Amino acid sequence: MPYDPRLVDPMRQETTRMGFQELTSVAAVDAALANLTGSALVFVNSVCGCAAGNARPALRLALQHGTTPEQLLTVFAGQDVEATDRARSYFGEYQPSSPSMALLRDGEVVYMQHRHMIEGRTPESVAADLTAAFDKHCGTPSAA
Amino acid sequence: MSGHVFHHGHDELHGITVVARHVDGTVFVGRFDQEDQGKILLLDVSTQPAAPEGEIATFLARTMKFGVRVDRKHLAIPTTELTSVTPLQEAVAG
């Protein structure tokens, strides 16, 4: 059952303040992901303090890095259920968890930060994983 | 740390994805909820039947990379039937 929106709004705002575009409907998810070119980070937001309480600060730190994804998108697990399910349908064989962060390039998941890779860690260490992924996958493609 | 967090004051492992090894060789990966009345409660659990250690390592590495393939939502296991409970991150790193 979704939480009271008044409790969740601060968690939504924490991501939109970072520049994430909220996707709250299936149509919005498809519009953003169906023909994705370039890089995009999809943050599956969550109310869970065990992990999401570190995930959002980790994102804030990671997005201060020099190289970042071209698009920042977010869905809210347990709140915008259909939009979240639809977003996960673009994640291939990666299993759902929340919070989690999927880095896509040209429509393919190239890096997944699962919930179990966030739990019990500091925002700084999670951010370090993310920035390493940004450096690897979000730079200008080489002319091979 | 964000100011917007829920569920303070739980067990140290609450909310952590753990590897629980059963005395019969079965390996469970799930989110630790709590320990109560001599049992641990795991949520969103993936099960690997007893197998050679190489297969177990492959299962854990695959779970680490692709996530927990949930085959049951809840599982309570008596602590007397467990040989270890370790965070997944440590189990794979170790």
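Where in chain A is A:Asp106 found? Select A:Asp106 in this predicted model: the residue is in the loop between β4 and β5 (108-113) of chain A. Check its backbone torsions while it is selected. Its phi is near 50°, a positive value in a residue that is not glycine. Most residues other than glycine have a negative phi. A:Asp106 has 12 other C-beta atoms within 10 Å, so the residue counts as exposed.

β4(A) and β5(A) run antiparallel and are joined by 5 bridges. For one of the paired positions, pick A:Arg105, whose bridge partner in β5(A) is A:Glu108.

Now widen the selection to the whole sheet of chain A. The sheet is open and has 5 strands, in the order β1-β3-β2-β4-β5, with mixed pairing. β1 (21-22) and β5 of chain A stand at the edges; each has a single partner strand, so one side of each has no neighbour in the sheet.

A:Pro99 is in the loop between α4 (81-88) and β4 (100-105) of chain A. The peptide bond between A:Ser98 and A:Pro99 is cis, with omega about 0°. Most peptide bonds are trans.

Is A:Arg88 buried or exposed? It counts as buried, because it has 21 C-beta neighbours inside 10 Å and the threshold for buried is 20 or more. Then draw a distance from its C-alpha atom to that of A:Val29: the separation is 9.8 Å, for residues 59 apart along the chain.

Switch to chain B and select B:Asp44, in strand β3 (residues 39-48) of that chain. B:Asp44 is not a glycine, yet its phi is positive, at about 50°. B:Asp44 is buried, because 22 other C-beta atoms lie within 10 Å. A:Asp106, where the tour began, is exposed.

Finish with both chains displayed.

Notes: Residues numbered from 1 in each chain as written. Chains lettered and ligands numbered in written order. Predicted model: local features only at pLDDT ≥ 70, side-chain atom pairs only at ≥ 80, totals over all residues. Helix = DSSP H or I, 4+ residues; strand = E, 2+ residues; numbered from the N terminus. Pairing = 2+ DSSP bridges.
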